[in-house]
Amino acid sequence: MSEPATSRAGAKPARYLAPLLAGLAMFGPFSIDTIFPAFPAMGAELGADKLAMQQTISVYLIAYALMSIVHGPLSDAIGRRRVIIGGLFVFTLASVGCALSRDLSTLLIFRAIQGLSAGVGLIVGRAVIRDVLQGDDAQRLMSHVSMIFGIAPAIAPIIGGWILGWSHWPAIFWFLVAFSVLLLIATLRVLPETHPPASRLPLVPRRLLRDYVAIFINPRFQRLTAASAFNFGALFLYISSAPSFVLDLLQLNERSFAWFFVPMIGGMVIGAFVSGRTAGKVGGQRMVRIGFACTILAMALNVAYNLFDATPRVPWAVIPISLCSFGVALVFPIVTLAILDMYPRQRGSASSLQAFTGLVLNALIAGVLSPLVSGSGTSLALAALAFVVVGWAFWRWESARSRQLPPTQDAPAIEPPETL
């Protein structure tokens, strides 16, 4: 195990690590969710319809996904801290560009630059956690980060709505500028370098490509990544469809996004809290089973509700989403740590490729699927149910394969001596 971060950071106490890593992970979701309440105002001023405004999300996610395959290996080569600081600096400049944009094309360019830089906190932060901790301690910290990070999508649209109430939509991007500057200062002061030079790998393109191919074609990596990505995809379908879901289907106003986001993130925060509290007490396999049971039950109830009530209304329309987010929070930390443990010297690359896979799926959800199904509560519910069932099927496949084959050094058990 790597030397604890606190000993390399001098007097910087460990209690700062979880909130800082959570904050670094938050500025990605903030980039998506704070602008949701401003979609009508932005579209009217920029001359963009609802479908065109949806591309401000998809172009951001595509750029995020493409750059995510670089963040991790770069941190393996030059250190975690430098990559995070560089990403925050670029994100700050891109947010200034968004605030000053006066046409949709310019806005999309700067949204893409935001996406290129926003992944450093989440992707490199996962590697930081695994650098300094292992086993149950790593699960606890991952869960604590997830719990704090989970607040972001809940408060971001609320903040966006408040800002829109007293100012114009560019003020939302100026808020992102201030938030990223605050994180940059905190990172410079608090975050230690958790990946020392002796452990770094040279950044050789041919080797990087070879490593990525080796990771990607690993069947166990594929199954674990697909299980996590499709399970979260159900939730992200609703997140990316939030403007239509809240404003059109629930018929609420721009300041009412809390009706959707607070229950959803409440479930995620509670799930992350339960995951952290039960680390070492409940086996990883059992916890993941419970998580998938929650997501499938939630989306089945969601379908039933929408079939019997053609006009969805709060709170009934959001309760199943809250239960789904609870289940996602139980599954994610354990599956992610299992992926990182497969490649102890290439955690950054493994984290990047996991994020890339999920982000490509999320970009397709936001840019292609969401516009097709967000006009109907029943269509949204059926699509979300399909995602969690596919995720569960990949998990069952991995469980069956792990029972047939003993764990190896390249594919260790989630919780020794337990296999998936």
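A salt bridge is counted here when a side-chain nitrogen of Lys or Arg lies within 4 Å of a carboxyl oxygen of Asp or Glu. By this rule, five salt bridges are found in the chain. The model is a predicted one, so local features need pLDDT of at least 70 and side-chain atom pairs count only at pLDDT 80 or more, while totals for chains, interfaces and linings use all residues. Residues are numbered from 1 along each chain as its sequence is written, and side-chain values use heavy atoms, with hydrogens and water left out.

Of the 420 residues in the chain, 57% are buried, where buried means under 20% relative accessible area, exposed means over 50%, and partly exposed covers what lies in between (1.4 Å probe, protein chains only). The chain exposes about 16,600 Å², and 68% of this is supplied by carbon and sulfur atoms; accessible areas come from the Shrake-Rupley method with a 1.4 Å probe, and for residues only the protein chains shown count as cover. Among the contacts in the chain with a separation of 6 or more, 85% are accounted for by residues 24 or more positions apart, a contact being heavy atoms within 4.5 Å.

Helix packing comes next. Two packed helices are described by the angle between their axes and the distance between the axes. In this model, axes are lines fitted to C-alpha atoms, for helices over the stretch in contact, and angles run from 0 to 180 degrees between N-to-C directions. Angles under 35 degrees count as roughly parallel, over 145 as roughly antiparallel, 65 to 115 as roughly perpendicular and the rest as oblique. Helix α4 (residues 50-78) and helix α5 (residues 80-100) have axes that come within 7 Å and cross at roughly 130 degrees; the two are therefore oblique to each other. On the α4 side the contact is made by H71, G72, L74, S75, D76 and I78, and on the α5 side by R80, R82 and V83. This contact has three nonpolar, three polar and three charged residues, with Ala, Val, Leu, Ile, Met, Phe, Trp, Tyr, Cys and Pro taken as nonpolar, Asp, Glu, Lys and Arg as charged, and the others, Gly among them, as polar.

Helix α4 also packs with helix α16 (residues 347-373): their axes come within 7 Å and cross at roughly 170 degrees, and the pair is therefore roughly antiparallel. The contact of α4 with α16 has 16 nonpolar, 13 polar and two charged residues. A355 is found in helix α16 and counts as buried, at 9% relative accessibility. Leaving aside neighbours within four places in sequence, A355 is in contact with S68, I123 and R126. A355 and A229 are 126 residues apart in sequence, yet 8.8 Å apart in space, C-alpha to C-alpha.

Back to the charged pairs. Side chains of opposite charge can pair when their charged atoms come close. D76 forms a salt bridge with R80, with the closest N and O atoms 2.7 Å apart. D76 is buried at 2% relative accessibility, and R80 is buried at 2% as well. The side chains of R223 and E398 meet in another salt bridge, at 2.6 Å from N to O. R223 lies in helix α11 (residues 219-240) and E398 in helix α17 (residues 377-404), so this pair ties together parts that are 175 residues apart in sequence. Both R223 and E398 are buried, and salt bridges that share partners join R220, R223 and E398 into one network. R210 pairs with D211, the closest N and O atoms being 4.0 Å apart; here R210 is exposed at 53% relative accessibility, whereas D211 is buried at 14%.

Helix α12 (residues 242-249) has seven of its eight residues buried, so it is largely enclosed by the rest of the structure. Those buried residues are A242, P243, S244, F245, V246, L247 and L249.

Most residues other than glycine have a negative phi, and most peptide bonds are trans. Q251 is not a glycine, yet has a positive phi of about 55 degrees. Q251 sits in the loop between α12 and α13 (258-278) and is exposed, at 61% relative accessibility. The peptide bond from V314 to P315 is cis, with omega near 5 degrees, and P315 lies in the loop between α14 (284-308) and α15 (319-341).

How values were computed. Helices (H or I, at least four residues) and strands (E, at least two) are DSSP runs, numbered from the N terminus.
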